[in-house]
Amino acid sequence: MFALRILPLAAILWLQACSSTPSEGLPDPPKAIVGGTLIDGTGRPPIPDALVVVEMGKVVVATASAGLKIPDNAVRTNAKGLFITPSQTGARLEYGAPADLFLLSGNPLDNPLILGSPMRVMKTGEWLDANKK
C-alpha cells in the first residue's frame with residue numbers, strides 16, 4: 001500500500017528532473033559590447049570603436065576592437081555611437097575589474113551631467129534591462 005502512495009510522487013520527481021534544461025549550472029555566455037567609445041577611467045584618451053568583453057561578472061577585454069576576435073558564443077551589444085564608461089566614480093574598466101558600466105549617449109568628459117541618465121546599465125556583468133540585447 002505504501003508503495004502505491006509513493007509511486008506517483010517518485011514519478012513526478014523523475015519527470016521534473018528529466019525536464020530540467022541542460023544549461024542549468026553552466027556559466028552565462030560572455031557579453032561583448034562592440035563599437036562604442038571606451039572611456040576606461042584610467043586617464044588614458046578615449047578609445048573609439050572599442051570592444052569590452054565580460055565573463056562571469058568581470059571585464060576580460062577592454063580595448064580597441066581592431067583585429068580582435070569576439071567569442072563565438074558571446075551575446076553582443078552594439079554600442080556604435082555610444083560611450084562605454086565605468087558606472088562608479090574612480091572605477092576602471094580594465095582586465096579583472098568588476099563589470100559595472102554605463103552606456104551613454106554623449107561624452108561624459110564634455111558633459112558630466114550625462115552620467116545621470118545612462119542608456120543602459122550593467123551591474124556585475126548583467127544588464128539591468130535584461131530584455132534588451
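Here are a few notes on the salt bridges in this predicted model.

1. Some housekeeping: the model is predicted, so to speak, with local features needing pLDDT of at least 70 and side-chain atom pairs counting only at pLDDT 80 or more, while totals for chains, interfaces and linings use all residues. Residues are numbered from 1 along each chain as its sequence is written, and side-chain values use heavy atoms, with hydrogens and water left out.

2. Searching the whole structure turns up 7 salt bridges (a side-chain nitrogen of Lys or Arg within 4 Å of a carboxyl oxygen of Asp or Glu).

3. K31 and E126 pair up at 3.3 Å, N to O. K31 sits in strand 1 (residues 31–34) and E126 in strand 9 (residues 126–127), so this bridge ties together parts that are 95 residues apart in sequence (strands are DSSP runs of E, at least two residues, numbered from the N terminus). K31 is buried at 11% relative accessible area, whereas E126 is partly exposed at 36% (buried is under 20%, exposed over 50%, partly exposed in between, with a 1.4 Å probe and protein chains only).

4. D100 bridges to K123, with the closest N and O atoms 3.8 Å apart. The two are 23 residues apart and link distant parts of the chain: D100 is in the loop between strand 6 (83–86) and strand 7 (101–104), K123 in strand 8 (residues 120–123). D100 is buried at 12%; K123 is partly exposed at 37%.

5. D40 and R44 come to 2.9 Å between their closest N and O atoms. D40 is buried, at 2%, and R44 partly exposed, at 47%. Shared partners join D40, R44, R92 and E94 into one salt-bridge network.

Technical notes: Helices (H or I, at least four residues) and strands (E, at least two) are DSSP runs, numbered from the N terminus.
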